[in-house]
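Dear colleague,

Please find below the sequence and the structure for your records. My notes on what was found follow directly after them.

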Amino acid sequence: MTDQVISVQGIKKRYGEHLVLDGLSFHVERGSIFALLGENGAGKTTMVRILATLIKANSGSAKIGGYDTDSESVSVKKLISLTGQYAAVDELLTGEENLQMIGRLNHLDHRTVKARTVELLEQFDLSGAAKKRVSTYSGGMRRRLDIAISLFANPEVIFLDEPTTGLDPRSRKNMWELIRKLANRGVTIFLTTQYLEEADQLADKIAVMNNGKIIETGTSEQLKSIIGKEKLELTFQDQASFDEASKVIKGQINESEKVISVETEGSTESLRRLLNTLHENQIEPVAMHFRKPTLDDVFLEITGKSTKGVSSND
């Protein structure tokens, strides 16, 4: 039997006439990384704010560690920590002072605050910048400090609301590694993201949101199995050959890169027919390769629209 640390049933949230969350239901197992994936405006942050007891749902229920987020919010707050989309740190203080301030706000004794501050600075590779003002930190350093602050009181569940927004590719990869380490220590990670690759790399389970609803859930591989078929990517050298190929073969078109992705049956016969069609029309691709389904393909398939607003890379 799995240990469900987060349980959500039929959550609805409305602002005026606008229904932001439309009956969300899901659960998160203890010690896992759960990703809520969707475009900007899909309702991800609203769901996090409800779970973090910052706002109340109009209907439905949500529990963390067995406690109701509405009627037992005080008990819930002792179990969780929230890191928002932007680092909430005091830029006039040093990294060390930011952590010490949080320790005092948690009413911890001086010795505990000092020891925990040193421990977290080392863990998040901030010891060398401990006595520098946060205003001098890079975006990645601020993000690490923000998460360190969130972990000061050893929460069981940490909510990371789009933790890599605004980070450069190197800092994003470093943040991924940090999140994996937290999960390996037994911390339950609830991650919201609009980056398909991020969910693919990190999450044990993914819930895909669209228009306030969860439309699919599963592991990355389970979601990819919705597509099920390999794709053959054909790249064309010029616009003319790309346009001609678009007329005679059906597939997913990437006009900027002059690439057409075609589903195959995984047989040499289907490949032969496709290449014969191009040859008969005097069209020659400059490159072609097979690739397995990605979360990009899944998102396109289950939402029936483009991935505008949902990023697949850095």
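**Findings**

Methionine 141 is located in helix H5. Please note that the model is a predicted one. Apart from neighbours within four places in sequence, methionine 141 makes contact with Leu126 and Ala129. Isoleucine 302 stands 161 residues away from methionine 141 along the chain, and the C-alpha atoms of these two residues are separated by 36 Å.

Helix H5 covers residues 139–150, and the loop between this helix and strand S7 contains asparagine 154. The phi of asparagine 154 is positive, near 55°, although the residue is not a glycine.

Is threonine 53 buried or exposed? At 15% relative accessibility threonine 53 counts as buried, since the cut-off for that class is under 20%.

**Aromatic rings**

How many aromatic pairs does the structure hold? There are five of them. One of these joins phenylalanine 34 and phenylalanine 190, with 5.2 Å from centre to centre and 35° between the planes, a tilted arrangement. Phenylalanine 34 is part of strand S3 (residues 33–37) and phenylalanine 190 is part of strand S8 (residues 188–193), so this pair ties together parts that are 156 residues apart in sequence. Phenylalanine 34 and phenylalanine 190 are both buried.

Phenylalanine 190 also pairs with phenylalanine 159: the ring centres are 5.3 Å apart and the planes meet at 55°, so this pair is tilted. Phenylalanine 159 lies in strand S7 (residues 157–161) and phenylalanine 190 in strand S8, so the parts tied together here are 31 residues apart in sequence. Phenylalanine 159 has 0% relative accessibility and therefore counts as buried. For phenylalanine 190 the relative accessibility is 0%. Through ring pairs, Phe26, Phe34, Phe159 and Phe190 are linked into a cluster.

**Charges over rings**

Arginine 172 lies over the face of tyrosine 195, 4.1 Å from the ring centre. The charged end of lysine 13 sits over the ring of tyrosine 15, at 5.0 Å from its centre.

**The chain as a whole**

The protein chain contains 11 helices and 14 strands. Its C-alpha atoms fill a box of roughly 80 × 45 × 40 Å along the principal axes. Of the 314 residues in the protein chain, 44% are buried. Among contacts in the protein chain with a separation of 6 or more, 68% are between residues 24 or more positions apart.

The protein chain exposes about 16200 Å², and carbon and sulfur atoms supply 46% of that area. As to charge, the protein chain carries 40 positive and 44 negative side chains, and the centres of the two sets lie 6 Å apart.

With kind regards

Definitions and conventions:
Residues numbered from 1 in each chain as written. Predicted model: local features only at pLDDT ≥ 70, side-chain atom pairs only at ≥ 80, totals over all residues. Heavy atoms only, no water. Helix = DSSP H or I, 4+ residues; strand = E, 2+ residues; numbered from the N terminus. Buried < 20%, exposed > 50% of the residue type's maximum accessible area, 1.4 Å probe, protein only. Contact = heavy atoms within 4.5 Å. Areas by Shrake-Rupley, 256 points an atom, 1.4 Å probe, with all protein chains shown as cover. Lys, Arg positive; Asp, Glu negative; His and termini not counted. Charge placed at Lys NZ, Arg CZ, Asp CG, Glu CD. Phe/Tyr/Trp six-rings, centres within 6.5 Å; stacked < 30°, edge-to-face > 60°. Lys NZ or Arg CZ within 6 Å of the ring centre and 35° of its normal.
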